[in-house]
Amino acid sequence: MPRSMTKKPPQLLPNATSTVTDLSTDVIEMIFGNLPPIDIMRARVCRKWRQAARNTIVPLTEFKIDTARQYNAMEAMATSLPNLQQIAFHSLDYPEEHKYNDGGDPYEHEAVRTVNYVTHDIGIVSNFTKLIDLTIWAAPLNGRYPILFNSFPLLESLKISNCGCLIWHLDYLVSCPVLKELYCEGTPVQGNINCLRVLKDTLESISIGETLVGTHMIEGNLMDLADFPHLKDLFMFTVDRVKGDIRDIGENDFPMLEELDLSCCKAIIGSQHYSFQRISDVPAFMNDVHRLLKRNIMNDRCQWSLSEDQSPDWCEYDAEAVGEGSPGPGPPFDNELVLGQDHGWAGHGAFTNISVTVMIHLSTRARAKSNG
């Protein structure tokens, strides 16, 4: 009898009737890898899924710790979701009395003031060894916490702001070998900027400054950063002990720099708000700095002035003594120079397209201009 030519229906695949509980750990990890951390924590419904959560590299999604409840969530994640990549510490339950445990060498007055606060262990963050992005903003920290710097070998972005009692040193960053972005303001930081040379081949953005008690403790020379091959943005403000002269920046220095902002750095000649000693110093300075301005990396508005305390050329315009309607002192008490597209200098408004504007206030109080 001839064999039937009718094909048998294909057998069902072994997993055709599988449920989500039959998914492999690898598949579950892939699914978790597309979810925010809170959703992953909620999805840990069985042992296999809990194991997958522990193995999952959590996508870069900010997890903000700004309440005691969020801290408790982080504490649970430290063992259940250790591959978190992004954490942001903020103030805790303000104005309620919560803080993190005091670090080494804490400020005594702050330790006394917060002695009865509810205390949380900041050290738990060291469990997140895959961390890439760490933000610390106005967090209630007091003293030194090396654990915040030496636990994250994959860290690429470190942002610290408004932590007036957090003390740290630039040489802590040796434990962050792939750091690309460093941002620190309103926070005491110590050290020489040449400590950043361990990150010469990775740093792309540096922003340091603006604090009442901290950044004046940073020392060094601006040119210690001149050969950083990937540095695009350099911002330093109110960093009084870092020395330098922008005229020393050569054509091959700071090769990738796109923006340079040196506000109120008194020891750096040519920084924004730099004070000249004599009016006669200005022309030679402008000729020297012209080359740098053509690179269009400086902040687009520099306000340079005569030193009120030290310049013999400085004078104060007394409107009452001169009389109302008087033209007052003549130029050059308020000069504004612009660099146009053809890189020539002229008075303000001479060029339609202005790439750099440089304000030179030769007297901070003498604002009246000559009618001529």
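Which side chains does a polar contact of 2.8 Å join? The two residues are Asp245 and Arg247, where a polar contact denotes a pair of N or O atoms within 3.5 Å; within protein, one must be able to donate a hydrogen and the other to accept it, and residues adjacent in sequence count only if both atoms are side-chain atoms. The model is a predicted one, in which local features need pLDDT of at least 70 and side-chain atom pairs count only at pLDDT 80 or more, whereas totals for chains, interfaces and linings use all residues. Residues are numbered from 1 along each chain as its sequence is written, and side-chain values use heavy atoms, with hydrogens and water left out.

The protein contains 7 helices and 21 strands. Helices (H or I, at least four residues) and strands (E, at least two) are DSSP runs numbered from the N terminus. Of its 372 residues, 44% count as buried; buried means under 20% relative accessible area, exposed means over 50%, and partly exposed lies in between (1.4 Å probe, protein chains only). The protein exposes about 19,400 Å², of which carbon and sulfur atoms supply 50%. Accessible areas were computed by the Shrake-Rupley method with a 1.4 Å probe, and for residues only the protein chains shown count as cover. Among contacts (heavy atoms within 4.5 Å) between residues at least 6 apart in sequence, 67% join residues at least 24 apart.

An open sheet of 8 strands has the order E1-E2-E5-E7-E9-E11-E13-E15, with parallel pairing. Two strands are taken to pair if DSSP finds at least two bridges between them. Strand E1 (64–65) and strand E15 (259–263) stand at the edges, each with a single partner strand, so one side of each has no neighbour in the sheet. Within this sheet, E7 is joined by 5 bridges to strand E9 (residues 181–185), the two running parallel, and Leu158 stands opposite Leu182 in E9. A further 5 bridges join E9 to E11, also in parallel; here the bridge partner of Leu182 is Ile206 in E11. E13 and E15 run parallel as well and are joined by 5 bridges, with Met236 opposite Leu262 in E15.

The largest nonpolar core has 85 residues. Such a core is a set of buried Ala, Val, Leu, Ile, Met, Phe, Trp, Tyr and Cys residues joined through side-chain atoms within 4.5 Å. The residues with the most contacts inside this core are Phe89, Trp168, Leu173 and Leu234. Helix H6 (residues 281–293) contributes the largest share of the core, with 6 residues. In soluble globular proteins, nonpolar side chains tend to be buried together. Leaving aside neighbours within four places in sequence, Leu173 is in contact with Phe149, Leu158, Trp168, Leu179, Leu182, Leu196 and Leu199.

The structure holds 9 salt bridges, each defined as a side-chain nitrogen of Lys or Arg within 4 Å of a carboxyl oxygen of Asp or Glu. One of them joins the side chains of Lys159 and Asp133 (3.2 Å, N to O). Because Lys159 lies in strand E7 (residues 157–161) and Asp133 in strand E5 (residues 133–137), this pair ties together parts that are 26 residues apart in sequence. Lys159 counts as partly exposed at 22% relative accessibility, whereas Asp133, at 14%, counts as buried.

Arg197, Lys200 and Asp227 are linked in a network of salt bridges. In the bridge between Asp227 and Arg197, the closest N and O atoms are 2.9 Å apart. Asp227 lies in the loop between strand E12 (218–221) and strand E13 (233–237) and Arg197 in the loop between strand E10 (189–192) and strand E11 (205–209), so the pair ties together parts that are 30 residues apart in sequence. The side chains of Asp227 and Lys200 also meet in a salt bridge (3.3 Å, N to O). Lys200 likewise lies in the loop between E10 and E11, so its pairing with Asp227 ties together parts that are 27 residues apart in sequence. Asp227 is partly exposed at 34% relative accessibility, as are Arg197 at 33% and Lys200 at 25%.

Asp245 is found in strand E14 (residues 242–245) and, at 11% relative accessibility, counts as buried. Not counting residues up to four places away in sequence, Asp245 touches Ile268 and Ile269.
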